[in-house]
Amino acid sequence: MVWPESKTSLLCYQLRLCTNLLVSCDPSPLLVSLLGPNRWRLVQTEKEKSIDDWLPITSSRNAKWWYSAFHNVTAMVGAGVLSLPYAMSELGWGPGIAVLILSWIITLYTLWQMVEMHEMVPGKRFDRYHELGQHAFGDKLGLWIVVPQQLVVEVGVDIVYMVTGGKSLKKFHDAVCPDCKSIKLTYFIMIFASVHFVLSQLPNFNSISGVSLAAAVMSLSYSTIAWGASVAKGKQANVEYGYKAPSTAGTVLNFFSALGDVAFAYAGHNVVLEIQATIPSTPEKPSKKPMWKGVIVAYIVVALCYLPVALVGYWAFGNGVDDNILITLEKPRWLIAMANMMVVVHVIGSYQIYAMPVFDMIETVLVKKLHLPPGLTLRLTARTVYVAFTMFVAMTFPFFGGLLGFFGGFAFAPTTYFVSIDFPLALRCYLPCIMWLAIDKPRRFSLSWTTNWICILLGVMLMILSSIGGLRQIILQAKTYRFYS
């Protein structure tokens with residue numbers, strides 16, 4: 001062993017040894033007393049920095065504003081857009097258009113809140129949802145409020161996208177080879193999952209920017225195919241726009257489920273803070289400016305995707321449209337096959353966008369709480385287990401329509417409509433607003449105070465009603481479902 005010669009280099013040498021030691025074990029009181037409080041704090045700072053430089057969310061901060069644009073498009077414009085004509089058939093013309101427009105406005109408002117709250121405290125960045133929640137509600141309560149809901153949303157979305165990817169692969173196979181032997185959906189979900197076993201090893205958001213960009217382009221492409229093919233087919237003969245449920249109770253419950261479908265389509269708030277964390281920030285050039293620029297571009301793309309698909313698809317097929325409009329659009333076969341493959345590419349990117357914050361949570365717990373050494377082995381094991389888990393659940397419960405309604409209402413409402421914190425749509429509705437009230441503390445009965453409370457009430461109603469409708473859809477489909485068929 002070569003010993004350092006000078007006292008300064010000896011101190012640095014000791015600090016490096018201690019830092020390496022602390023990555024894998026807890027400090028002893030003797031070690032703290034030997035180093036002294038000042039040196040000990042320096043060691044702790046070095047340790048925390050080395051871990052943060054390894055974790056997915058904080059390892060890279062060189063993103064540009066357009067990264068924000070296509071990451072948000074990928075996170076928001078998912079396969080849920082293909083269910084919007086079906087949601088319109090359950091909502092009707094008037095309520096359907098109103099819900100689509102209100103959801104666009106409310107989610108844009110709550111997303112703006114989240115962008116602003118990322119650096120609301122001078123000199124500090126809330127890089128993760130739970131960090132903002134802890135600032136708003138306290139260290140312990142903030143974790144309990146935010147983390148469970150965020151996990152429900154992000155893991156739930158990944159499960160739904162696992163199902164969507166498998167179903168779209170099956171539709172592609174059936175379209176290009178209609179005379180081939182039928183293959184179980186389970187196998188297509190496994191094929192789709194095999195891609196994620198590889199892509200999940202990419203370390204952070206910036207490393208998946210190419211995948212995210214391809215996914216964003218695909219989302220705009222298959223949305224255009226969906227409404228363009230509907231226009232080409234024209235209004236079908238004997239099309240009906242009335243509610244198709246045979247009973248009033250069925251109509252009401254279908255209405256509730258459709259609210260969840262719309263909620264799912266406007267998902268995306270769950271990963272907003274984590275996306276903004278990848279953008280560099282200084283007091284002169286805060287990250288909120290490029291982030292908001294990207295958000296505006298993303299929401300223009302969202303409007304261009306959602307409104308034509310929902311309105312034109314419903315206009316062409318009425319209440320006879322399927323819960324995935326590509327199923328209703330059977331011909332031309334080559335075009336529908338191409339659209340389904342575009343869906344596959346898009347949900348590959350969307351899965352990774354929603355999985356990255358989950359990877360960050362898992363790896364943070366393993367390294368900071370369980371004191372496991374960070375590295376390739378830990379990352380490979382943790383992420384592989386997560387992908388395998390979502391694959392297994394997707395293969396076991398592939399109730400696509402019902403999952404959209406249930407996860408859309410239960411998980412998305414809070415994070416989007418309430419607090420800008422990104423839980424399911426209800427959480428997207430009210431949790432961001434609750435956090436805004438807790439942090440910004442607007443004057444009672446002011447415009448800001450009133451607007452946020454309206455969003456909170458709408459989000460809670462949406463969470464309850466759409467979850468009821470989605471759960472009913474799951475129960476109805478489960479009656480005739482055979483496991484791993």
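## A first look at the chain

Contact here means heavy atoms within 4.5 Å. With that in hand, residues 24 or more positions apart account for 76% of the contacts in the chain with a separation of 6 or more. This is a predicted model, in which local features need pLDDT of at least 70, side-chain atom pairs count only at pLDDT 80 or more, and totals for chains, interfaces and linings use all residues. Residues are numbered from 1 along each chain as its sequence is written, and side-chain values use heavy atoms, with hydrogens and water left out.

The chain has 19 helices and 0 strands; helices (H or I, at least four residues) and strands (E, at least two) are DSSP runs, numbered from the N terminus. Of its 485 residues, 55% count as buried. Buried means under 20% relative accessible area, exposed over 50%, and partly exposed in between, using a 1.4 Å probe and protein chains only.

A disulfide is a covalent bond between the sulfur atoms of two cysteines; the cut-off used here is a pair of cysteine sulfur atoms within 2.5 Å. How many disulfides does a search of the whole structure find? The search gives 1. The disulfide is formed by Cys177 and Cys180, with sulfur atoms 1.4 Å apart. The torsion about their S-S bond is about 55°, so this disulfide is right-handed. Cys177 is partly exposed at 22% relative accessible area, and Cys180 is partly exposed too, at 35%.

Now for some other cysteines. Cys455 has its closest cysteine sulfur in Cys433, at 4.2 Å, which is too far for a bond. Cys455 is buried, with a relative accessible area of 5%, and Cys305 is buried at 0%.

## Helix 15 against helix 16

Two packed helices are described by the angle between their axes and the distance between the axes. Axes are lines fitted to C-alpha atoms, for helices over the stretch in contact, and angles run from 0 to 180 degrees between N-to-C directions. Helix 15 (residues 333-369) packs on helix 16 (residues 376-396) at about 130°, the axes being 10 Å apart. The two are therefore oblique to each other; angles under 35 degrees count as roughly parallel, over 145 as roughly antiparallel, 65 to 115 as roughly perpendicular and the rest as oblique.

Residues that meet here include Tyr351, Phe359 and Leu366 in helix 15, and Leu378, Tyr386 and Thr390 in helix 16. By class, this contact has 12 nonpolar, 1 polar and 3 charged residues. Ala, Val, Leu, Ile, Met, Phe, Trp, Tyr, Cys and Pro count as nonpolar, Asp, Glu, Lys and Arg as charged, and the others, Gly among them, as polar.

## Helix 7 against helix 8

Helix 7 (residues 129-137) and helix 8 (residues 139-176) pack at about 140°, with axes 7 Å apart, and they are therefore oblique to each other. Among the residues that meet are Tyr129, His130 and Phe137 in helix 7, and Asp139, Leu143 and Gln150 in helix 8. By class, the contact has 7 nonpolar, 5 polar and 1 charged residues.

## A closer look at Arg125

Where is Arg125 placed? Look in the loop between helix 6 (93-117) and helix 7. Arg125 counts as buried, at 17% relative accessibility. Leaving aside neighbours within four places in sequence, Arg125 is in contact with residues including Arg61, Glu119, Glu131, Gln276 and Ser287. Arg125 and Leu273 are 148 residues apart in sequence, and 9.4 Å apart in space, C-alpha to C-alpha.
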